[in-house]
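Please look over the notes below with the model open.

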Amino acid sequence: MKVIKLTLAIIAITMALTLILTANNSPPPPSPPSKPAATATARVSRFLQQKGRNPNAADHCNKDREICSYILDNGRNATTCCNNKCVDLEEDDKNCGACKKKCAFTETCCRGECVLIAFDKRHCGACNHRCMEGGYCIYGLCDYA
């Protein structure tokens, strides 16, 4: 036990002497003369300097309803403004058929209706995938088993 205490004391004294001898006690070098402050030349972010609209920005439609009124090939109106966002009421699970009408967890929005694509004959496995006349939709497959 005495040997361990003696060893620890020697290690502590050695470390203390090493720190004292290696410490640099010289004064810090003089700092260069400071330049006078420049007058109001703040840098502007390059993102703020962009002239065109950011293509990744969200379409906010609360002020301008025309943002959401583009037309698809089949002639129907593609999106509607709901909660300040452009959404497709025929396919959006959180706005199905009307704004803020959410489909249940197991349902999908098809043609503005919440349907169970696992068991619906008109939307079996996917929207607008009909089973044959007299067929059944089971687990998203027509006439399974």
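1. Cysteine 124 is buried, at 2% relative accessibility (buried is under 20% relative accessible area, exposed over 50%, partly exposed in between; 1.4 Å probe, protein chains only). Its partner in a disulfide is cysteine 137, with the sulfur atoms 2.2 Å apart (a disulfide is a pair of cysteine sulfur atoms within 2.5 Å). The S-S torsion of cysteine 124 and cysteine 137 is about 90°, so this link is right-handed. Cysteine 124 sits in the loop between β4 and β5, cysteine 137 in strand β5, 13 residues apart (strands are DSSP runs of E, at least two residues, and helices runs of H or I, at least four, numbered from the N terminus). Cysteine 137 is buried too, at 5%.

2. This is a predicted model: local features need pLDDT of at least 70, side-chain atom pairs pLDDT 80 or more, while totals for chains, interfaces and linings use all residues. Numbering runs from 1 along each chain as its sequence is written, and side-chain values use heavy atoms, without hydrogens and water.

3. The disulfide count is six. One of them joins cysteine 82 and cysteine 99, sulfur atoms 1.8 Å apart. That link is left-handed, at -70° about the S-S bond. Cysteine 82 is buried at 3%; cysteine 99 is partly exposed at 39%.

4. The whole structure holds one salt bridge (a Lys or Arg side-chain nitrogen within 4 Å of an Asp or Glu carboxyl oxygen). Aspartate 120 and arginine 122 form this salt bridge, with the closest N and O atoms 3.4 Å apart. Aspartate 120 is buried at 14%, and arginine 122 is partly exposed at 37%.

5. Methionine 15 lies in helix α1, residues 2-22. Methionine 15 is exposed, at 53% relative accessibility.
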